[in-house]
Amino acid sequence: MKTILTPSQIYSLIFSAEESYNPSAVRESDIAIAESRYLLPIVGESLYNALLEGDYSELCSDYVAPMLGAWTRYIVEPLLAERCGFGHGATVADAELLARLKLMAMSHSRRLSDYLNAHAE
């Protein structure tokens, strides 16, 4: 499976140094889900394939990577306890965090969409 960013690239985007998660918490399949659910509908198949090939590096680093990072964190967050061996039940704080992560990811999606609309060439 090929994704635009690697799990280690996504990990470095979405976790701070203070968060002590294992880098294996982010899997390539998580990124693929974020790409197919949230990126592909915005960029279309042609631009998506170009991004997979490494084209448009500035667009990727400035707009696509932050968006993919945010959506991947949103996807991975509910799985972190299990993947990292911290078995705990869901809490109100977890739900609030997911809501904040979703809002952030949606903002990055809008930012990418606005950029593409303004720079259609």
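## Val76 and its surroundings

Val76 touches Ala25, Asp30 and Arg83, leaving aside residues up to four places away in sequence; a contact here means heavy atoms within 4.5 Å. This is a predicted model, so local features need pLDDT of at least 70 and side-chain atom pairs count only at pLDDT 80 or more, while totals for chains, interfaces and linings use all residues. Residues are numbered from 1 along each chain as its sequence is written, and side-chain values use heavy atoms, with hydrogens and water left out.

Val76 sits in helix α3. Helices are DSSP runs of H or I with at least four residues, strands are runs of E with at least two, and both are numbered from the N terminus. With a relative accessibility of 0%, Val76 counts as buried. The cut-offs, using a 1.4 Å probe and protein chains only, are under 20% relative accessible area for buried and over 50% for exposed, with partly exposed in between. Val76 and Ile31 are 45 residues apart in sequence, and their C-alpha atoms are 9.4 Å apart in space.

## Helix α1 and its cover

Helix α1 takes in residues 7-14, and Ile10, Tyr11 and Ile14 are buried there. Looking down the axis of α1, the buried residues fall within an arc of 105°, so they line one face of the helix; the arc is that of the directions from the helix axis to the C-beta atoms. Over on the other side of α1, Ser8 and Ser12 are exposed.

What covers those buried residues? The cover includes α2 (28-52) and α3 (57-76).

## The loop at Tyr56

Between α2 and α3 there's a loop, and Tyr56 lies in it. Tyr56 isn't a glycine, yet it has a positive phi of about 60°.

## The chain as a whole

Zooming out, the chain has five helices and zero strands, so the pattern along the sequence reads α-α-α-α-α. The C-alpha trace spans about 50 × 25 × 25 Å along its principal axes. For 121 residues, a compact globule would have a radius of gyration near 14 Å, and the 15 Å of this chain agrees; the radius is taken over C-alpha atoms, and the globule rule is 2.2 Å times the number of residues to the power 0.38.

Buried residues make up 37% of the 121 residues. Among contacts between residues at least 6 apart in sequence, 76% join residues at least 24 apart.
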